[in-house]
Amino acid sequence: WAAIGEGVSEVVRRSYPGSEIAYEVGQEAANVAMVSTNKVQLGIAHASFLKMAADGAEPFSKPLENVRALAVLYGEAAEHFLMLQSTGIKNFEDLKAQKYPLKVNFNTKDSFMEIVGKKTLEAYGITYDDIALWGGNVDFMSMGSSIDLMRDGKIQAYSNVIQMPSSNITDAASSLSLSLLPMSDEARAKLNEELGTYDAVISKDNYTFMTEDVPTVAAKVVLFTNSELPDEEAYAIVKSIDENLDYFTGIHSSLRGLTLETLQDVAPVELHPGALKYYQENN
């Protein structure tokens with residue numbers, strides 16, 4: 001996201017020389033709150049998380065109804081529940097049946113990435129408290145740090161919502177024997193209804209350790225703003241991305257394949273009127 005955020009800044013500078021733009025790394029829930037209260041003008045978040053914010057769903061204490069999307073940044077961030085093969089756990093049913101004392105890390109607490117992992121477990125009737133009672137442990141940490149802990153034998157699993165393939169997982173597979181836990185149709189349906197995710201598949205072609213495709217859920221990642229951002233500014237930001245699309249899509253592999261058509265597919269979030277105007281004029 002840091003590379004993408006800097007890329008958004010750069011395309012605006014290219015289209016509008018003299019523009020002053022600052023990008024700072026933040027946490028997803030804080031990003032949404034800061035944009036909603038106009039402390040910052042733009043943010044990056046999962047579209048489904050913005051829908052949760054608008055609805056006032058946990059971790060938000062009240063509805064944040066003024067967030068609006070400008071553009072899709074990438075379209076398929078998929079839930080990966082990564083497991084060491086040495087555990088013998090092949091699916092979530094095994095985890096529950098064995099009451100396995102799993103040591104697992106999730107992404108930052110109250111981020112969409114963490115919530116998807118937690119809700120995945122809950123779809124199988126497993127809670128963080130259950131894992132603790134079984135003798136395991138749940139913690140919240142970045143992917144790079146968690147992969148290091150897997151290499152050191154300190155944890156056995158990690159959950160995150162990331163693009164496919166993940167370079168972190170590809171690197172980890174060079175020294176670890178890994179697997180990805182598949183989600184049942186029933187579990188995916190529960191998450192899709194509650195979180196606004198959608199069915200996805202992690203293809204076996206993504207990682208060398210996979211022997212078959214793994215069903216999961218996924219979400220889009222979007223650039224978003226406050227509804228109070230002037231229409232002409234929202235229009236100008238989307239215009240700058242479109243005008244510099246060849247440059248923009250080369251910033252990071254997750255951006256490859258973006259088109260003007262896919263940029264506007266921000267559901268379940270409402271488009272900012274200024275962004276909508278640009279898309280309508282240029283379709």
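Start by selecting α2 and α3: α2 passes α3 in a right-handed crossing (right-handed if the near helix is turned clockwise from the far one by less than a right angle, left-handed if anticlockwise). Before going on, know that this is a predicted model, where local features need pLDDT of at least 70, side-chain atom pairs count only at pLDDT 80 or more, and totals for chains, interfaces and linings use all residues. Residues are numbered from 1 along each chain as its sequence is written, and side-chain values use heavy atoms, with hydrogens and water left out.

For your selections, α2 is 28-36 and α3 is 47-55. Helices (H or I, at least four residues) and strands (E, at least two) are DSSP runs, numbered from the N terminus. The axes of α2 and α3 come within 11 Å and cross at roughly 55°; axes here are lines fitted to C-alpha atoms, for helices over the stretch in contact, with angles from 0 to 180 degrees between N-to-C directions. That angle makes α2 oblique to α3. On the scale used, under 35 degrees is roughly parallel, over 145 roughly antiparallel, 65 to 115 roughly perpendicular, and the rest oblique.

Now show side chains. E28, A29 and V32 of α2 touch F49, L50 and A53 of α3, where contact means heavy atoms within 4.5 Å. By class, that contact has five nonpolar residues, no polar ones and one charged. (Ala, Val, Leu, Ile, Met, Phe, Trp, Tyr, Cys and Pro count as nonpolar, Asp, Glu, Lys and Arg as charged, and the others, Gly among them, as polar.)

Most residues other than glycine have a negative phi, and most peptide bonds are trans. Click N38, in the loop between α2 and β1 (42-46): its phi is positive, near 65°. Then move to P59, in the loop between α3 and β2 (67-84); the peptide bond from E58 to P59 is cis, with omega near 15°. Another stop is P268, in the loop between α12 (260-263) and α13, where the bond from A267 is cis, with omega near 15°.

On the α10 side, select D231, A234, Y235, V238, K239 and D242; partners in α13 include P273, Y278, Y279 and E281. The residues of this contact divide into seven nonpolar, two polar and five charged.

Keep α10 and bring in α1 (residues 2-15): the axes come within 8 Å and cross at roughly 90°. That makes α1 roughly perpendicular to α10. V11, V12 and S15 of α1 meet S240, I241 and E243 of α10, a contact of three nonpolar, two polar and one charged residue.

Last stop: the second largest pocket, about 340 Å³ in volume. A pocket is an open set of points on a 1 Å grid over the protein atoms alone, with protein on both sides within 12 Å along at least five of seven lines, and lining residues have an atom within 4 Å of a point. Points are joined across faces, edges and corners, and the volume is the space filled by probe spheres set on them, the probe being 1.4 Å. Select K90, S179, L180, T211 and E212, the closest to the centre among the 16 lining residues. β6 (178-180) and β8 (214-226) each supply at least two lining residues, and β6 gives the most, with three. The whole lining has nine nonpolar, four polar and three charged residues.
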